[in-house]
Amino acid sequence: MTGTEFVGRVAERRLLDDRLAAALDGAGQVVLVAGEPGVGKTRLAAELRAEAGIPCLWARAIEEEGSPPHWLFRQLLAKDAWPDETDRFQLFEAVTDLFLKKAERHGLLVVLDDIQWADPASIHLLVHLARSMASARLLVVATFRHTETGDDLRAGLAALAGEEPVTRLRLSGLSEPEVAAQLAGVTGWPVPESVAAAICRRTQGNPFFVGELGRFLTLSGGGDELPERVRDAIRGRLRRLSPACQAVVASAAVLATEIDATSLAEATATPIVDVVEAIDEASSAGIVAGTRFAHDLIRESARLDVPTVRRLTLHQRMADYLRGRDDADARVAQISFHLLESLPAGDPGLAIEWTERAADAAMAQLAWEEAASLYGRALAVGGLPPRRRAELLLAQAKAQVRSYDVVGARQSVCAAADIGHAEANADILAEASLSMEGVTDFAWADTGRQLCEDALAAQPAGDSALRVRLMAQRLVNDSWRSLADAESQSAAALEMAERVGDRRALAEALRARQFACSGPDRVTERLALGDRMLALEDDDCLLWGRLWRFDAYAQLGRLDEAEAELPLIAEIAERLRSPLRRWHAVRCHAAMAHARGRLAEARMLGLEAESLARRAGHDGAVFPSQGFLLGLRTQTGDASIFPDDVIEKYAKTVAIVSMRALEAVWTLAAGNREKAHRIYKTLPVPGDSPPFVRLVSLTGMAELAVEFDDRETAAEVHRLLLPHADLFSCSGAGMVAILGSVRLYLGMTSVTCGRYDDAIRELRKTVEIHDRVGMPLYLALSTYWLAVALSRRKRAGDREEAAALAATAAAQAERIGMAPLFARARALVGTLGGRRSGPLSRRQYEIAGLVAQGLMNREIAAVLQLSERTVETHVNHILTRLDFANRTQIAAWVAAERMRTESP
């Protein structure tokens with residue numbers, strides 16, 4: 001920590017301050033500060049000296065032969081004549097008297113640094129001084145490395161153990177927050193938590209190592225190299241070990257993080273007794289702690305100094321030893337590591353074989369990232385024939401799909417497919433085509449479809465499980481298109497799967513069928529398909545079945561049943577330990593949080609889903625995740641949720657009508673009405689959108705037609721939506737948001753077309769539906785549009801009811817956090833309201849009186865036997881009629897009215 005702000009050591013500083021205070025009160029103290037090199041012993045003593053406020057004498061022992069006896073104390077008394085005594089006891093007494101006299105007036109701090117190197121006479125003199133200073137105003141602080149104590153120091157420490165003024169203090173490494181603080185002081189900027197954690201782990205919080213790595217980080221921008229000062233410091237410690245111990249430590253550093261004496265003996269051809277003795281010596285020196293190195297830095301430094309040929313030989317011998325063990329099958333990862341590290345001297349064939357076995361084992365343990373990395377390392381060995389290379393590429397792709405590395409999976413599949421085409425190998429082409437099962441992605445659609453067609457063309461005629469899977473995957477790849485033959489092709493695949501009786505083929509055929517039935521007219525069939533998928537019981541099938549049921553229940557408006565699927569989806573996703581499955585769970589939870597009006601939670605979950613998809617490079621998930629966030633921004637008016645520049649990217653990425661319509665909606669929400677109108681004018685009515693987004697596309701177009709007062713388009717969209725009036729607007733596959741009852745959009749388009757009676761009828765149903773299912777956001781929206789419809793119809797009583805409803809919608813929107821709707825509803829209130837003369841209606845007077853008594857809407861409803869919703873409408877009507885903003889004003893008005901009517 002030299003040269004930087006002093007960090008940590010709060011408890012240690014407090015102890016030293018207490019001992020200093022005791023010494024100044026006339027009770028002499030000795031504090032023995034122990035710790036490994038670099039842990040901050042000297043810095044702690046220096047901080048005490050800087051703040052003690054009393055004279056200080058400082059001496060440091062040196063690691064050199066030939067220093068004179070009593071060298072530590074000779075340094076302290078350099079300005080005084082050294083006592084000329086021939087008797088040892090008399091000499092010690094004379095030296096002690098000098099210190100006691102120096103301490104009499106102002107007190108005295110004496111620091112003896114690095115006493116592990118002190119000459120024996122100085123150690124004995126320290127013991128004598130400690131026993132003679134009970135009533136002196138003297139504090140002696142002695143620091144030493146507990147990893148390097150010789151016989152003389154150990155004897156001196158034992159002699160001091162029973163002395164009352166002596167305190168032992170052992171310094172350990174800094175905590176992670178303290179490491180972060182020290183790094184910030186060294187670098188001049190707060191380092192990321194991950195960097196602080198990594199450095200804390202490597203250094204075990206040793207301040208010297210932390211400081212050096214911090215400076216190295218600043219100069220080099222990071223890297224795996226060790227700063228030379230760190231390596232020099234560690235080399236110095238290693239050189240103090242015996243040659244035999246150094247050799248064992250170096251070999252252990254090369255071979256593993258865990259030190260196993262038996263394996264080490266085999267790899268180094270060293271007797272086990274000698275290895276154990278060497279480990280004991282290294283432990284005493286603080287190089288090893290238990291079965292690990294005391295610091296990762298020690299291991300790294302020791303390993304770097306081992307010659308290359310020696311390293312390769314050690315790895316080869318260790319691999320041979322482990323392969324010969326009875327438990328070799330349980331050690332495939334270790335064997336793979338050593339065989340890979342033995343290259344190029346080792347056997348590449350063996351390295352590939354065992355690395356593939358290790359990758360397979362990782363797959364069985366659901367360690368997808370580890371498996372993908374291992375398959376990659378096996379491929380990197382090289383020298384493989386094409387067929388063998390393709391097998392490893394496809395295995396790697398499977399792991400990458402599971403670990404949600406979509407970009408990596410695409411690259412692996414394409415490389416394998418290139419081999420399949422070059423070798424005219426139908427099996428490779430088929431496996432490549434199927435490697436992306438479970439992933440839908442418009443960026444892969446064209447490539448995936450072509451691969452499936454090539455693979456199908458190479459297959460023999462007739463029924464087979466492989467043909468079913470290829471047919472199904474081709475349909476799934478094309479789910480972004482509106483295909484005329486999807487119905488017949490998916491039915492044919494399902495029939496073939498049932499004939500061949502293969503569970504995997506049946507699962508994929510059901511998945512293709514689900515996409516073919518993803519339009520709003522097939523929602524009940526999708527619910528049944530979900531039940532069929534659940535019957536297959538495999539975890540992946542269980543997840544898909546639950547997801548399909550969730551989507552279907554949401555589109556049917558059965559939100560409670562949809563919500564009941566969420567914990568089951570989350571449980572299966574957790575069990576599968578796949579980030580892709582996690583994305584599915586998160587996007588479902590986000591959709592339900594939004595539907596229930598929990599917008600802060602929806603935003604948090606939406607950001608998590610978007611981050612998962614973006615890290616994976618999965619465009620098919622990035623797009624809907626970002627769309628969800630932009631939709632949330634549209635409804636809340638919060639521009640911080642997602643940036644404007646994402647909007648245009650969508651139009652360039654996905655060239656289908658539904659996405660262009662969404663671009664116009666989001667552009668409008670961003671405040672660029674003119675540009676949104678230009679986009680809108682290029683859009684046909686989206687009757688040919690992919691089935692799974694058809695309903696969302698239509699309701700999005702309805703919003704635009706209403707916004708731009710396009711009666712012709714509004715009428716056409718109304719016609720297309722009418723058969724689905726009893727459904728809710730959401731995707732039929734991979735749903736990310738539930739956009740309310742279709743009746744809301746039927747009502748809105750009816751308003752635009754001037755059919756106000758139809759609009760009011762639909763919107764009254766919509767208000768009741770959203771209230772019943774528990775969608776407060778869309779309840780506020782439908783209440784607002786009902787107010788708009790009534791305000792435009794202009795029959796007797798419409799204006800008053802519209803004003804009350806608009807006030808209700810404004811209150812609901814404000815409560816949820818829908819700023820744009822709140823502003824529009826308040827504007828409508830202003831248009832319809834204004835101060836009105838004359839009394840309220842009889843019922844309104846009655847409700848106003850109960851408000852004045854402090855009753856809430858629920859309590860008023862109970863008293864008057866009305867619904868809470870009716871009471872809320874009356875209260876808002878009262879606020880509008882009287883041009884008031886809150887219930888307190890109503891109470892004050894009631895009091896004033898009573899005073900007026902009761903006065904003579």
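This is a predicted model: local features need pLDDT of at least 70, side-chain atom pairs count only at pLDDT 80 or more; totals for chains, interfaces and linings use all residues.
Residues are numbered from 1 along each chain as its sequence is written, and side-chain values use heavy atoms, with hydrogens and water left out.

What does R795 form a salt bridge with? The partner is D757, and the closest N and O atoms are 3.0 Å apart; a salt bridge here is a side-chain nitrogen of Lys or Arg within 4 Å of a carboxyl oxygen of Asp or Glu. This pair links distant parts of the chain, 38 residues apart, with D757 in helix 38 (residues 756-773) and R795 in the loop between helix 39 (776-793) and helix 40 (798-816). Helices (H or I, at least four residues) and strands (E, at least two) are DSSP runs, numbered from the N terminus. D757, for its part, counts as partly exposed at 37% relative accessibility.

The structure holds 63 salt bridges, and another of them joins the side chains of E51 and R13 at 2.7 Å, N to O. E51 lies in helix 2 (residues 41-52) and R13 in helix 1, so the pair ties together parts that are 38 residues apart in sequence.

In which order do the 5 strands of the open sheet lie? The order is 2-3-4-1-5, and the pairing is parallel, where two strands pair if DSSP finds at least two bridges between them. The edge strands, each pairing on one side only, are strand 2 (56-60) and strand 5 (166-170). From one strand to the next, the twist averages 15°; axes are lines fitted to C-alpha atoms, for helices over the stretch in contact, and angles run from 0 to 180 degrees between N-to-C directions.

Within this sheet, strand 3 (residues 108-113) and strand 4 (residues 138-145) pair in the parallel sense over 5 bridges, and the bridge partner of L112 in strand 4 is A142. Helix 1 (residues 10-24) lies across strand 1 (29-35), strand 4 and strand 5, running at about 160° to strand 1.

Finally, the whole chain, which has 45 helices and 7 strands. Its C-alpha trace spans about 125 × 100 × 45 Å along the principal axes. The radius of gyration is 39 Å, whereas a compact globule of 904 residues would have one near 29 Å; the value is taken over C-alpha atoms, and the globule rule is 2.2 Å times the number of residues to the power 0.38. Buried residues make up 54% of the 904 residues.

Definitions and conventions: Contact means heavy atoms within 4.5 Å. Buried means under 20% relative accessible area, exposed over 50%, partly exposed in between (1.4 Å probe, protein chains only).
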